[in-house]
Amino acid sequence: MNEKTLIGFAKTISWFCTPFIVPTLGIALLFMLSYLRLLPWSYRILVVFAVFCFTYLMPKLTIFLYRKMNGWNLREFGSREKRLVPYILTIISYGFCLTLLERFNVPRYMSGIVIASLLALVFSALINIWWKISTHMVSIGGLTGGLICFGELFNFNPVWWLCLVLILAGILGTSRITLRIHTLGQVLCGFFLGVVCAIVGILYYII
């Protein structure tokens with residue numbers, strides 16, 4: 001595989017595994033794989049759509065507008081100093097999402113997914129003041145931690161799912177390093193931060 005193809009593959013993986021999609025993916029999987037699949041389709045679609053709007057569309061749109069207003073390209077926008085406002089915009093949007101889920105009376109462990117994401121965002125924003133951390137790896141780490149939590153909660157063995165996610169995490173981390181966006185330390189720290197925030201956020205909120 002030549003360098004151009006490798007970089008193209010790394011960009012594709014980074015785009016596909018965007019951090020913003022994890023809450024929607026987590027909620028959708030719970031509706032499909034747990035007893036919640038017995039709920040009416042209309043309710044499930046409404047909840048997933050609401051989560052998608054406030055944890056994917058709104059952060060993406062506001063961050064895009066903020067970048068365009070400042071005339072930054074994607075590489076310029078990737079610097080640590082310019083990431084604080086996007087973090088704040090995303091945290092606000094996730095806060096609205098959590099409030100909406102409370103109004104929908106969803107189970108607490110579902111709201112815990114957004115709580116865990118918020119926790120990860122806050123810590124990432126604080127760390128970003130001094131050091132750039134990989135939010136892509138924070139998100140895939142959160143997915144890993146979520147699998148551990150829900151495996152325990154629903155009493156199923158998540159080993160095969162964990163193997164799949166860990167392989168994806170390895171590919172994603174390698175892609176971020178290949179694109180020279182993050183170092184190995186930033187990738188590893190991001191992953192473990194996501195795992196810890198998911199476990200603490202989901203289990204604390206359930207208890």
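Met 110 is in contact with Ile 27, Leu 30, Phe 31 and Leu 36, leaving aside its neighbours within four places in sequence. A second, separate core of 13 residues includes Ile 13, Val 165, Leu 172 and Phe 191. The model described here is predicted.

**Nonpolar cores**

- The largest nonpolar core has 31 residues, and those touching the most other members are Ile 27, Leu 30, Val 47, Leu 101 and Met 110.
- At least two residues of this core come from each of α2 (22-33), α3 (41-70), α5 (84-103), α6 (108-128), α7 and α9 (184-206).
- Helix α6 gives the largest share of this core, with nine residues.

**Helices α5 and α6**

- Two packed helices are described by the angle between their axes and the distance between the axes.
- For α5 and α6 the angle is about 165 degrees, and the axes are 10 Å apart.
- Because angles over 145 degrees count as roughly antiparallel, α5 is roughly antiparallel to α6.
- The crossing of α5 past α6 is left-handed.
- On the α5 side, the residues making the contact include Leu 84, Tyr 87, Ile 91, Tyr 94, Leu 98 and Leu 101.
- On the α6 side, they include Ser 111, Val 114, Ile 115, Leu 118, Leu 121 and Ala 125.

**Helices α2 and α6**

- The axes of α2 and α6 cross at roughly 165 degrees and come within 10 Å.
- This angle makes α2 roughly antiparallel to α6.
- The α2 and α6 crossing is right-handed.
- In α2, the residues that meet α6 are Pro 23, Gly 26, Ile 27, Leu 30 and Phe 31.
- Their partners in α6 are Tyr 109, Met 110, Ile 113 and Ser 117.

**Helices α6 and α7**

- The axes of α6 and α7 cross at roughly 150 degrees and come within 11 Å.
- Helix α6 passes α7 in a right-handed crossing.
- Tyr 109, Ile 113, Ala 120 and Ser 124 of α6 make this contact with Val 138, Phe 150 and Leu 153 of α7.

- The 19 residues of α7 should span 27 Å at 1.5 Å a residue, and the end C-alpha atoms are 26 Å apart, in agreement with that.
- Helix α7 is mostly covered, with 15 of its 19 residues buried.
- Thr 144 is found in α7, which runs over residues 135-153.
- The relative accessible area of Thr 144 is 5%, so this residue is buried.
- Not counting residues up to four places away in sequence, Thr 144 touches Leu 162, Val 165, Leu 166, Phe 191 and Val 195.
- Two of these contacts, Val 165 and Phe 191, are also included in the second core.

**Tyr 94 in α5**

- Tyr 94 lies in helix α5 and is buried, with a relative accessible area of 3%.
- Along the chain, Tyr 94 and Ile 115 are 21 residues apart, and their C-alpha atoms are separated by 8.5 Å.
- Not counting residues up to four places away in sequence, Tyr 94 touches several residues, among them Pro 19, Phe 20, Pro 23, Phe 54, Thr 55 and Pro 59.
- Val 114, Ser 117, Leu 118 and Leu 121 are also touched by Tyr 94.

**Ala 125 in α6**

- Ala 125 is placed in helix α6 and counts as buried, because its relative accessibility is 9%.
- Ala 125 and Leu 46 are 79 residues apart in sequence, and their C-alpha atoms are 30 Å apart in space.

**Residues with positive phi**

- Most residues other than glycine have a negative phi.
- Asn 105 is a residue other than glycine with a positive phi, near 55 degrees.
- The loop between α5 and α6 holds Asn 105, which counts as exposed at 64% relative accessibility.
- Arg 180 is not a glycine either, and its phi is positive at about 60 degrees.
- Arg 180 is located in the loop between α8 (159-178) and α9, and counts as exposed at 74% relative accessibility.
- Asn 155, which follows α7, has a positive phi near 55 degrees.

Conventions. Residues are numbered from 1 along each chain as its sequence is written. This is a predicted model: local features need pLDDT of at least 70, side-chain atom pairs count only at pLDDT 80 or more; totals for chains, interfaces and linings use all residues. Side-chain values use heavy atoms; hydrogens and water are left out. Helices (H or I, at least four residues) and strands (E, at least two) are DSSP runs, numbered from the N terminus. Buried means under 20% relative accessible area, exposed over 50%, partly exposed in between (1.4 Å probe, protein chains only). Contact means heavy atoms within 4.5 Å. The expected span of a helix is 1.5 Å times one less than its number of residues. A nonpolar core is a set of buried Ala, Val, Leu, Ile, Met, Phe, Trp, Tyr and Cys residues joined through side-chain atoms within 4.5 Å. Axes are lines fitted to C-alpha atoms, for helices over the stretch in contact, and angles run from 0 to 180 degrees between N-to-C directions. Angles under 35 degrees count as roughly parallel, over 145 as roughly antiparallel, 65 to 115 as roughly perpendicular and the rest as oblique. A crossing is left-handed if the near helix is turned anticlockwise from the far one by less than a right angle, and right-handed if clockwise.
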